[in-house]
Amino acid sequence: MIRPTPAVEGLPATTPFIGPEQLMRESGRRELVRLGANESAFGPSPKAIEAMTAELPRLSWYGDPESLDLRDALAAKHGCAPSQIVVGAGIDDLMGLAVRAFVAPGEPALMTRGTYPTFLYHVVGYGGIPVDAPYRSDGKPDLEELVAIARQDLPRIVYFANPDNPSGHFTGRDEMQRFYDALPHDSLLLLDEAYADFVDEAELLPPLFEDRLIRLRTFSKAYGMAGARIGYALSTESNIRTFGKIRLHYGINRNAQIGALAALEDDAFTEYVVSETARARAAYYELAVELGVPRIESRANFVCLGMENAQRATRIMNELLLRGVWVRKPGAPPLDSYIRVSAGTEPMRRAFAEALHAVIASPRMSLS
Ligand SMILES: *Cc1c(COP(=O)(O)O)cnc(C)c1O
């Protein structure tokens, strides 16, 4: 009889993300207004596309297992040594390595309930014990509660996304510093900065290189390269060596390395994306006023709009899908009464606004 290991057999069959491709199949649509996964609506840098296109014929080669050129460029950007950086196939990949390296089966790992789900997915997958703190009633992560639980349970890793997903809330430098200082020194802070490019570097936790801090960055959001799968971690040389023991050395797409390097050099394009994203957030705030619904202040490339309760938010999300507009909805209270919409181009925002107006005005919705 063929069976997976008992540990794997015991895992729940989780699907952290249902892809828009599956939704299109189920709904018989050939196209969706993609505003559900916080992908960049503004694409990758034209320079990145050009560099990747030029290198395509060499796709028969493996990527550089050490990502030497890219790590040099990243070290210059962050004012650190290349030995303090490891490149992975996106933050999701690096998060798995962090859990595998630092959380033994049966050991606790702490997060906010309902935050970005991949960390929880890895903790469960590697046999760790997930511990969580709910969001505050205003939808912000509860730093005090996280610290209180951390002091009591001494988790191996405390996961925190800043700016947070799905709330979009940003915790400023001083508050982050106090949070980091207050955590037990035997707990590692895994700081997910997927949306760091949308805020000023000076607003973030200072560039500390200590064993109990690992920061995660990605080319998936502001750099618009989600499909290329590339991101990196910043930490001490000792932690980076630990990653080196378990990472897949040919796990990085060669084209992604080339595109990421070119994207890093195109500051003008990144600035354009960041300003267009701010414009999109402002447009969604205006839409919230027009509709008379609450919204959460966001510093990321998405905004949460309040739809009264979880059941109504789910119905509105499904009705939007029927009209060809794909958004997502946070799963855990209090954010589960919101829908989360990614920053779109002007035509995408218009399609979303029109569909949302129509859905809310439809007689079926007023019965809820
Ligand atoms: C999108 C997102 C990620 C995924 O990053 P990849 O580099 O594409 O794996 C990680 N964390 C957060 C908070 C995100 O929103």
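# Exercises on a predicted model

In this predicted model, the buried residues of helix α4 pack against β2 (85-88), β7 (213-218), β8 (231-234) and α10.

**Exercise 1.** Determine which residues of α4 are buried and which are exposed, and explain how the buried ones are arranged around the axis.

*Solution.*
Step 1. Apply the cut-off: a residue is buried under 20% relative accessible area and exposed over 50%.
Step 2. By this criterion Leu70, Arg71, Leu74, Ala75 and His78 of α4 are buried.
Step 3. These residues lie on the same side of α4, because they cover an arc of only 135° around the axis.
Step 4. An α-helix has 3.6 residues a turn, so residues three or four places apart point the same way.
Step 5. Asp69 and Ala76, on the other side of α4, are exposed.

**Exercise 2.** Inspect the backbone on either side of α4 and identify the residues with positive phi.

*Solution.*
Step 1. In the loop between α3 (46-55) and α4 one finds Ser67, whose phi is near 45°, a positive value in a residue other than glycine.
Step 2. Ser67 counts as buried because its relative accessibility is 4%.
Step 3. Just after α4, Gly79 adopts a positive phi of about 60°.
Step 4. For comparison, Leu154 also has a positive phi, near 45°; Leu154 sits in the loop between α7 (143-153) and β5 and is partly exposed, at 49% relative accessible area.

**Exercise 3.** Describe the lining of the second largest pocket by element, domain and residue class.

*Solution.*
Step 1. The volume of this pocket is about 290 Å³.
Step 2. Of its 14 lining residues, Lys77, Asp197, Tyr223, Asp267 and Thr270 are the closest to the centre.
Step 3. Two or more lining residues come from each of α4 (68-78), α10 (254-265) and α11 (267-291), and α11 gives the most, with four.
Step 4. Domain 1 (6-43 + 268-360) and domain 2 (47-266) each supply at least three residues to the lining.
Step 5. By class, the lining comprises eight nonpolar, one polar and five charged residues.

**Exercise 4.** Locate the cis peptide bonds that join Asn165 to Pro166 and Pro333 to Pro334.

*Solution.*
Step 1. The bond between Asn165 and Pro166 is cis, with omega of about 15°; Pro166 lies in the loop between β5 (157-161) and α8 (173-182).
Step 2. The bond between Pro333 and Pro334 is cis, with omega of about 0°; Pro334 lies in the loop between β10 (325-326) and β11 (338-342).

Terms used
Residues are numbered from 1 along each chain as its sequence is written. This is a predicted model: local features need pLDDT of at least 70, side-chain atom pairs count only at pLDDT 80 or more; totals for chains, interfaces and linings use all residues. Side-chain values use heavy atoms; hydrogens and water are left out. On a 1 Å grid over the protein atoms alone, a cavity is a set of points where a 1.4 Å probe fits but cannot get out, and a pocket is an open set with protein on both sides within 12 Å along at least five of seven lines; lining residues have an atom within 4 Å of a point. Grid points are joined across faces, edges and corners, and a volume is the space filled by probe spheres set on the points. Ala, Val, Leu, Ile, Met, Phe, Trp, Tyr, Cys and Pro count as nonpolar, Asp, Glu, Lys and Arg as charged, and the others, Gly among them, as polar. Domain bounds come from an automatic or database domain assignment. Buried means under 20% relative accessible area, exposed over 50%, partly exposed in between (1.4 Å probe, protein chains only). The arc is that of the directions from the helix axis to the C-beta atoms. Contact means heavy atoms within 4.5 Å.
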